[in-house]
Protein chains: 2
Amino acid sequence: MSETMSTWVSFVASREPIDVQALGENLRLNHYCIDEVVPVVGESPAELAQGWHVVRVESSAPVQLPENVIGESILFPGMTQHLHYTSASQNQALAQRSRAELAPSGETTAVLIPIRKSAAWWQLAQDERYAHFQTNGQTPGHTAIGIEYVDRVFRRLYHSRYGSPPVPYDFLTYFEFERAYKEDFRHLLTELREVERNPEWQYVEREFEVWMTKMG
Amino acid sequence: MSETMSTWVSFVASREPIDVQALGENLRLNHYCIDEVVPVVGESPAELAQGWHVVRVESSAPVQLPENVIGESILFPGMTQHLHYTSASQNQALAQRSRAELAPSGETTAVLIPIRKSAAWWQLAQDERYAHFQTNGQTPGHTAIGIEYVDRVFRRLYHSRYGSPPVPYDFLTYFEFERAYKEDFRHLLTELREVERNPEWQYVEREFEVWMTKMG
């Protein structure tokens, strides 16, 4: 429980820019503008749209943002955790091949995809959930599909399930890549959503994509 | 993220009884008095001692207790989660053999054991952590040791790591049994702490036992 065990995040989405100076101290801030919101399955926030501003607020301690600053913003809170579904050898392979976070630029695309899984997923035992990430015969599964993209697509997983107050998704999946790799990234999403190749995805009951440009 | 996905808890320990009526609505309350506090490894709260009162506050939503009621109390917050280290067949065997929660009585012993694991534990990959709960040759591991006791010892695991605000332990392990099984329970603890039989325990860096009587 040292302060470095986790990174807490809140993505703050607002129609008008907010006063980031007033958000607090010891925060790591990044700035985005929304290019497009793509519903995939289940509800997505109706008002969230192109042209909205997003600030990613990261901290080594839980993030409590002042009400008077965030106003009518939509918040997406989460935190990093230890890894739940990768083996030691997979972690090593991923670490060797994964690219780093990108610098902000008009050519840097960031995509936030909140995901909620069904009750049936959470009722599976650990070995059953773990198996969905592994290759099984003709079925590559989540990890084998993903590793082919990690040299071009930076990714970070934030957990939102069991947070307080509760939010209507379990994870915030977050990605960055050079705009030139946009079609690669779309292909990754397509592969992950093919339940014959990635049976995990049959348990996804809410998912929407927030495409952004990482400005600062 | 329905409200039933988790049970939030706060164990409220205080020298003097607190006004439980003022804690809030829709809460499930149990009352205990502390019989003994046993340090095992690392620090334990110095003031916590025999004769203190404990209220377990459970809720299907995050527990926010009024400051003016809890006063100088020591709080132990946590929440239930899905199971991280048991297989489907183990879950089935555990469900068949596990006893239910006990009614309050002068003969009902409850033991709260906060546990913190080391950074080295949390840096292990999922397959490495999982293996510590499984039988491996002559090493029975956590699950095989524990299942021999579940017909007499009721247990509930609350997670405290990644909570907000952070607390100096990762789990609240909680047990109940008829006083007559006290020595059985001690034997369970001894077995779990033998790192030759349960290598998981080499990663425990903070642990203390709060022995209580479940009064109401």
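**View 1. Asn26(B) sits out in the open, where it counts as exposed at 73% relative accessibility.** In this predicted model, the residue belongs to the loop between strand 1 (8–14) and strand 2 (28–41) of chain B. Take a look at its backbone too: Asn26(B) has a positive phi of about 55 degrees although it is not a glycine. As a reminder, most residues other than glycine have a negative phi, and most peptide bonds are trans.

**View 2. Tyr162(A) also has a positive phi, here of about 70 degrees, and is not a glycine.** Is this tyrosine buried or exposed? Tyr162(A) is buried, with a relative accessible area of 9%. To find it, follow chain A into the loop between strand 6 and strand 7.

**View 3. A cis peptide bond joins Ser164(A) to Pro165(A).** The omega angle at this bond is about -5 degrees. Pro165(A) is in the loop between strand 6 (154–159) and strand 7 (171–178) of chain A, and Tyr162(A) from the previous view lies in the loop between strand 6 and strand 7 of chain A.

**View 4. Chain B has a cis peptide bond between Ser164(B) and Pro165(B).** Here omega is about 0 degrees.

**View 5. Helix 6 of chain B spans residues 182–193.** Its twelve residues reach 17 Å from the first C-alpha to the last, close to the 16 Å expected at 1.5 Å a residue. Which residues of this helix are buried? They are Phe185(B), Leu188(B), Leu189(B), Glu191(B) and Leu192(B). Seen down the axis of helix 6 of chain B, these buried residues fall within an arc of 160 degrees, so they line one face of the helix. Their cover includes strand 5 (108–117), helix 5 (141–147), strand 7 (171–178) and strand 8 (204–214), which are elements of chain B.

**View 6. Ser118(A) is a buried residue, with a relative accessible area of 13%.** This serine is found in the loop between strand 5 (108–117) and helix 3 (119–123) of chain A. Which residues touch Ser118(A), leaving aside its neighbours within four places in sequence? The contacts are with Tyr203(A) and Glu205(A).

**View 7. Cys33 is shown in both chains, and each copy counts as partly exposed.** The relative accessibility is 25% for Cys33(A) and 23% for Cys33(B). A disulfide, for reference, is a covalent bond between the sulfur atoms of two cysteines.

View 8. How do the two copies meet? Of the interface residues of chain B, 100% are also interface residues in chain A, so the copies meet through the same surface. On confidence, the predictor gives the complex an ipTM of 0.84 and a pTM of 0.90. Chain A has an average pLDDT of 94, and 98% of the residues score at least 70.

Note on methods
Residues are numbered from 1 along each chain as its sequence is written. Chains are lettered from A and ligands numbered from 1 in the order in which they are written. This is a predicted model: local features need pLDDT of at least 70, side-chain atom pairs count only at pLDDT 80 or more; totals for chains, interfaces and linings use all residues. Side-chain values use heavy atoms; hydrogens and water are left out. Contact means heavy atoms within 4.5 Å. Buried means under 20% relative accessible area, exposed over 50%, partly exposed in between (1.4 Å probe, protein chains only). Helices (H or I, at least four residues) and strands (E, at least two) are DSSP runs, numbered from the N terminus. The expected span of a helix is 1.5 Å times one less than its number of residues. The arc is that of the directions from the helix axis to the C-beta atoms. pLDDT is the predictor's confidence in each residue, from 0 to 100.
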